[in-house]
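This note sets out numbered points on a structure for a colleague who is new to it. Please read the points alongside the sequence and the model shown here.

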Amino acid sequence: CRLRRILNMAKHGIAESTKLQGCMNVSFVATEDVDNGSIVANGGLATGYTDVYTASKPTKTDKVYIVIHPVYGYDERLAEEKNEDNYTNEAGRIFRTYELKTDRKFKVSSDMITPIDESTPVAVGQYVVADGTYKMSAVATAPTDAKFVGIIETIEETGFPYFGSSKGVQTTDMGYVLDTRIVKVKIRVIQND
């Protein structure tokens with residue numbers, strides 16, 4: 001997508017619990033790293049736990065949960081380690097999710113949504129569904145065969161580029177900059193049952 005080429009993409013997914021009131025927190029664990037903004041399916045009770053579930057990659061036939069775990073574990077000496085896009089939920093560590101209810105809203109960085117195709121960027125009015133990965137996939141029309149369906153309501157750019165000498169990224173109109181811009185996508189849950 002054009003915005004993806006212009007902006008530096010996050011190293012890891014970012015998510016915000018914009019309007020998830022009344023959505024229960026559910027704890028999961030995975031066998032691989034899982035970024036915030038991912039969606040997971042419930043693979044059953046995790047071995048050795050009484051209230052932690054195994055995260056699995058959801059398909060269209062699964063109810064999903066959004067991963068929004070508090071960011072922690074940074075090396076406070078390094079400013080770059082304080083950025084949310086440097087954080088991932090490591091394999092084997094318990095992480096927090098939210099169940100998703102109809103009409104609740106959340107935001108994710110745009111890299112957590114697979115576009116319809118290379119020539120069709122993620123856009124307002126498109127729908128998102130599970131596709132067998134931890135990311136959501138954009139689709140043009142409301143699907144009738146998916147348990148989880150969301151609609152993209154807004155897309156916004158946050159952050160800004162700032163002067164970074166030759167350690168930054170060279171852009172044609174600004175010279176060398178450290179680019180902190182991230183595209184965030186607000187999604188409203190249409191269904192998840």
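1. Strand β9 and its partner β11. In β11, isoleucine 151 is the bridge partner of tyrosine 127, and glycine 150 in β11 stands opposite valine 128. β9 and β11 pair in the antiparallel sense over two bridges; two strands count as paired if DSSP finds at least two bridges between them. Strands (E, at least two residues) and helices (H or I, at least four) are DSSP runs, numbered from the N terminus.

2. Basis of the model. This is a predicted model, in which local features need pLDDT of at least 70 and side-chain atom pairs count only at pLDDT 80 or more, while totals for chains, interfaces and linings use all residues. Residues are numbered from 1 along each chain as its sequence is written, and side-chain values use heavy atoms, with hydrogens and water left out.

3. Confidence. pLDDT is the predictor's confidence in each residue, from 0 to 100. The protein chain has a mean pLDDT of 87, and 80% of its residues reach 70 or more. Over residues 1–9 pLDDT stays under 50, and for these residues the model has 19 contacts beyond four places in sequence, a contact being heavy atoms within 4.5 Å. Where pLDDT is low, the predicted coordinates should not be read in detail.

4. Methionine 136 in β10 is the bridge partner of alanine 130. The two strands, β9 and β10, form a hairpin with five residues between them, and glycine 132 in the turn has a positive phi of about 90°.

5. From β11 to β15. β11 and β15 run antiparallel and are joined by ten bridges. Threonine 158 stands opposite isoleucine 182 in β15.

6. The largest nonpolar core. A nonpolar core is a set of buried Ala, Val, Leu, Ile, Met, Phe, Trp, Tyr and Cys residues joined through side-chain atoms within 4.5 Å. The largest one has 23 residues, and those with the most contacts inside it are Ile66, Phe106, Val108, Ile113, Met136 and Ile187. Two or more residues each come from β7 (105–109), β9 (127–130), β10 (136–139), β11 (148–158) and β15 (182–192). β15 gives the largest share, three residues. Apart from this core lies another, of ten residues, among them Val26, Phe28, Ala30 and Val67.

7. Valine 108 and serine 109. Not counting residues up to four places away in sequence, the residues that valine 108 touches include Ile14, Ile66, Ile113, Met136 and Ile187. Serine 109 is found in strand β7. Serine 109 counts as buried because its relative accessibility is 1%. Its contacts, leaving aside neighbours within four places in sequence, are Gly13, Ile14, Ile182, Val183 and Lys184.

8. Serine 38. This residue is found in the loop between β2 (25–29) and β3 (39–45). Where does the side chain of serine 38 reach? The side chain of serine 38 reaches the backbone oxygen of aspartate 35 at 2.8 Å. With a relative accessible area of 2%, serine 38 is buried. Beyond neighbours within four places in sequence, serine 38 is in contact with Tyr65, Ile66, Val67, Met112 and Tyr134.

9. Aromatic pairs. Rings of Phe, Tyr and Trp (its six-membered ring) pair if their centres lie within 6.5 Å; planes under 30 degrees apart count as stacked, over 60 as edge-to-face and the rest as tilted. By this rule there are three aromatic pairs. The rings of phenylalanine 28 and tyrosine 53 have centres 6.2 Å apart and planes at 55°, so this pair is tilted. The pair links distant parts of the chain, with phenylalanine 28 in strand β2 and tyrosine 53 in strand β4 (residues 52–56), 25 residues apart. Tyrosine 53 counts as partly exposed, at 23% relative accessibility, whereas phenylalanine 28 is buried, at 0% relative accessible area. The rings of phenylalanine 28 and phenylalanine 95 have centres 6.5 Å apart and planes at 20°, so this pair is stacked. Phe28, Tyr53, Tyr65 and Phe95 form one aromatic cluster.

Terms used. Buried < 20%, exposed > 50% of the residue type's maximum accessible area, 1.4 Å probe, protein only. Polar contact = N/O pair within 3.5 Å; in protein donor to acceptor, adjacent residues only side chain to side chain.
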